[in-house]
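Trainee: I've got the sequence and the model open, and I'd like to learn how to read helix packing. Can you walk me through it?

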Amino acid sequence: MKKPSALPELDHPTLDVPSIKRSLSHRLVYSIGKDPITATDRDWFFSAAAVLRERLIERWMETMRSYYQHDSKRVYYLSMEFLMGRSLMNGMLNLCCEKEFSSALEAMGLNLADIRELEQDAALGNGGLGRLAACFLDSMATLGIPGYGYGIRYEYGMFNQGIEDGRQVEHPDNWLRYGSPWEFPRPEVLYQVKFHGRVVNYADENGQMNFHWVDTDDVMAMAYDYPIPGYDTGTVNNMRLWAAKSSRDFDLKYFNEGNYIGAVEDKNESENLSKVLYPDDTTEMGRELRLKQQYFFVSASLQDMLYRYEKFSESLDGLPDKVAIQLNDTHPSIAVAELMRILVDQHRMDWARAWDITTRTFAYTNHTLMPEALETWPVPLFERVLPRHLQIIYEINQRFLKDAMHHYPGEPALWQRMSLIDESGEKRIRMAHLAIVGSHKVNGVAEIHTRLMKETIFSDFHRLWPDKIVNMTNGVTPRRWLNQANPGLSALITSRIGKGWLKDLDQLRRLAPLADDTEFRAEFVRVKRANKLRLAQVIDQRLGILVDPESMFDVQIKRIHEYKRQLLNVLHVITQYNRIRAGANVPARSVIFGGKAAPGYRMAKLVIRLINDVADIVNNDPLVRGLLKVVFIPNYDVSTAEIIVPAADLSEQISTAGTEASGTGNMKLSMNGALTIGTLDGANVEIRNEVGAENIFIFGMTADEVTQLRAAGYNAWDHYDGNEELKQALNMLRDGYFSPEDRERYKPVFDQLTYHGDHYLLLADYASYIACQETVGDLFRNPSAWMRKAILNVAGMGRFSSDRTIRQYAETIWHVTPLPRGTEA
């Protein structure tokens, strides 16, 4: 049957209020199947989502069609995480139709503000890595770059965090409980993914060695597509997530024998692959599942890309000219070996030709400077799960080391450091090394991070390939983190400089003169106060804690990890508490924490309990006189961040210098008018350069000073013995002041910071941090001066748009040309 070559004539849905009203009623009846009399707010949410989706679909199809017509080079962004958050408001704002939807719903007796709260967060990520991926997809669509996201459609996302008796308790995040109105199942897009088995090799008639991967356990990967709209443009890109499906749904033999569990055992085991984000990898079974997840989505994605490429191209030699694949951290780096397997085993290419295609196709983003965080896999596990890939990695390594030996003869220690196989103990595959060797470019995500990559963890590779490692400082999308999260500030900015800043964030520079404008400052204060009132109400509703909107909102919201040093913040809280009890008169402060600890990370979970125990004592002590409140907001996610970020006065970015690759929370908070207190780590360095050193609070050692201190020999006890306030705070932890019912509870924290060496140097930075916090408090007593600096922070954030980051990737790494499409209302 002949297929149509163009879209048929459609009844184009428009974005005016009458059209939206008609569509809402139509969708409620014919898509949701509900009568308006019995419809719930959730039914109306799904109706609104369906109406918005209708208006995205045509743009989506036209976008995909234009990429084919222009034979565009495509960017494929491979990421284990996409922390998308909610899509209803994002879609409305990017299509510039929020007011029309709000009016249409209001005319029908409905409230958009209530309906949007019924959307589940798509929490398919853990933190900054997944949120960065989401921002990048938004920017690619806004800039008209032919970009696709590839990941996993986890049935259960990042766990729901409950707090019981102060402790983190993990509950399943069933984000698909009511279904997702944004996804398009593609049961016809199905790819076979293999595991286990063995490799049979033989020589053909020409003497060329051939490899067959046989006796495998097979899983099917099924595609689900999600439209990604750009802002105020006709471009709608695609995110494709894979769900695992069994190659055999049902074994009738077992069923007929009465073994009903055995009948569906294959199906259940196969579909576990996409069941949960980040299975617990403290067990052998968990580690195997995580490795399988990584290969599962990489294999399906590469098959899909090559299918798309080969529809219009005869030779795979041109692949790097039409396909750019970005590896977001080491999780998808098995893609290097997988593409080699496809080219060598299935397309019978010689090694050199296949390797040239592979290395010109891939680029790799590194997100960590800590060697222990660089992913490695035990060789026996790898051999069992992916036997052919292990052979390929050995071959890549042999050829690479031969080249390294030619460049650096007589340096066996260097060869061992650079090898793809770590043989210092149990043999392990270094996935970051595979990604570096198999990519034409490797990038860091902040200037200091990239410099330290070249000087420390990847210095040998930088010596061999001095042009390979480049910097791409991270950014965040202003559409989500200012226009959507902070509509009051967004409207104020637009009223003064127009709306061009939403696509060109550098225009925020025009706000700088307004920092001295009394009227603008008063409006800025009004917006900030409204945001603080909203957050205060949320804290009261969720936790029953009353915080004073006039107090300083001192915010630390991020994944709980020792290097991020939430514990240093707690030590300041305890110090402040002790000073207040001693009669000090300090500006009122509400210290607000949010973040999740990995389920198996004992110390991080203990820090969460400590924060809650400290909050219980501080918040109920009458001697504190309301000058200090401590709050831990459970289940921190994108939607919660959209409430906290606009309300923050102070942004805590206090990681040990040289540990945070970039950070993006620092950017979001500054963009919304929070002042930063931080170390010279990650993107803090560049934020200081952009907003001015006088408009940021910097404390602590630099990365170079950290290195020197560790080399000289660090003794935490020197700081304990030399600082009475620090000693008092630590002794309170040791002696159970904050846990009277279990006085030993926080002895492990005390021991970690003293007997066990204080690896992240909290005690070394404590005095500088406390002094810097005193400067913060002094400035907060002068609201006019504080708000002036806050406005200058917003004005200086143009560099930190993800649009700028994506332009740099496009020009320096991907070599792709944007295909901007006109604004379509």
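Mentor: Axes are lines fitted to C-alpha atoms, for helices over the stretch in contact, with angles from 0 to 180 degrees between N-to-C directions. Keep in mind that this is a predicted model, where local features need pLDDT of at least 70 and side-chain atom pairs pLDDT 80 or more, while totals for chains, interfaces and linings use all residues. Residues are numbered from 1 along each chain as its sequence is written, and side-chain values use heavy atoms, without hydrogens and water.

Trainee: How are two packed helices described?

Mentor: By the angle between their axes and the distance between the axes. Take helix α23 (residues 566-581) and helix α24 (residues 602-619): their axes come within 10 Å and cross at roughly 15°. That makes α23 roughly parallel to α24, since angles under 35 degrees count as roughly parallel, over 145 as roughly antiparallel, 65 to 115 as roughly perpendicular and the rest as oblique.

Trainee: Which residues of α23 and α24 make the contact?

Mentor: Contact means heavy atoms within 4.5 Å. On α23 look for Q566, L567, V570, V573, I574 and Y577; on α24, for V607, L610, I611, V614, I617 and V618. By class there are eleven nonpolar residues, one polar and no charged. Here Ala, Val, Leu, Ile, Met, Phe, Trp, Tyr, Cys and Pro count as nonpolar, Asp, Glu, Lys and Arg as charged, and the others, Gly among them, as polar.

Trainee: At what angle do α23 and helix α32 pack?

Mentor: About 55°, with the axes of α23 and α32 (residues 762-780) 10 Å apart. That makes α23 oblique to α32. The residues in contact include L567, H572 and R579 of α23, and Y766, Q773 and E774 of α32. Their classes are eight nonpolar, four polar and two charged.

Trainee: How many of the residues of α23 are buried?

Mentor: Buried means under 20% relative accessible area, exposed over 50%, partly exposed in between (1.4 Å probe, protein chains only). In α23, 14 of its 16 residues are buried.

Trainee: What about a strand residue, say F697: buried or exposed?

Mentor: F697, in strand β24 (residues 697-698), is buried, with a relative accessible area of 8%. Leaving aside neighbours within four places in sequence, F697 is in contact with residues including L650, L675, C772 and W786.

Note on methods:
Helices (H or I, at least four residues) and strands (E, at least two) are DSSP runs, numbered from the N terminus.
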